[in-house]
Amino acid sequence: NELYHPSEFLDSENPFTLCENIGNKYKSDCNHYAIHYYIRANGNDFQKGLARCAETKYFAREDCASGVGDLAIKENINKPKDIEKMCMTARTTNMQSSCIRGMTGLYTNHYGSVEKGMEMCSTLEMENKGICLKYLQSIPSNFYEKAIN
């Protein structure tokens, strides 16, 4: 909570600095979530977040764009078409695809249902529908089953 406990380690303009000095095991996740901090520090401006992703080091861009997609759908869970449109403004097709994967992952986790994810995928444009469905296929079939006591 930066309001009450400002961090001496985070830089709102370049939160990726921390990710550069972290072990390879965590680099991808760090780049994915660092953009969340940047977006929050910039008035929840997702477009600005995507633009910032394009300025990161090449290897971090796709993880960053995925982070934008997941935070954007989290804040706009009932507007997947709007988030899809925003994702398509990313600078490269790889970043666009990553953004779609990010929104798909969060949306599916939000509802705890691959079926809900498939419903969302069916509303997307053809080129994004395939990306969305491919992501869902990577989820183990029993991932969202409730534990039986």
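Residues are numbered from 1 along each chain as its sequence is written, and side-chain values use heavy atoms, with hydrogens and water left out. Because the model is predicted, local features need pLDDT of at least 70 and side-chain atom pairs count only at pLDDT 80 or more, while totals for chains, interfaces and linings use all residues.

Me: How far apart are the end C-alpha atoms of helix H8?
Reply: Helices are DSSP runs of H or I with at least four residues, numbered from the N terminus. H8 holds 12 residues, 126-137. The expected span is 1.5 Å times one less than the number of residues, so H8 should span 16 Å. The computed distance agrees with this, at 17 Å.

Me: Which residues of H8 are buried?
Reply: Buried means under 20% relative accessible area, exposed over 50% and partly exposed in between, with a 1.4 Å probe and protein chains only. The buried residues of H8 are Asn-128, Ile-131, Cys-132 and Leu-136.

Me: Which residues does Tyr-135 touch, not counting residues up to four places away in sequence?
Reply: Tyr-135 is placed in helix H8 and is partly exposed, at 27% relative accessibility. The C-alpha atoms of Tyr-135 and Gly-105 are separated by 7.7 Å, although these residues are 30 residues apart along the chain. With that sequence limit, Tyr-135 touches Arg-101, Thr-104 and Gly-105.

Me: With which side chain does the side chain of His-36 make a polar contact?
Reply: His-36 belongs to helix H2 and counts as buried, at 16% relative accessibility. A polar contact is a pair of N or O atoms within 3.5 Å; within protein, one must be able to donate a hydrogen and the other to accept it, and residues adjacent in sequence count only if both atoms are side-chain atoms. At 2.7 Å, the partner is Asp-70.

Me: What is the phi of Asn-44?
Reply: Asn-44 lies in the loop between helix H2 (24-41) and helix H3 (46-55). Asn-44 is not a glycine, yet its phi is positive, at about 55°.

Note on methods. Helix = DSSP H or I, 4+ residues; strand = E, 2+ residues; numbered from the N terminus. Contact = heavy atoms within 4.5 Å.
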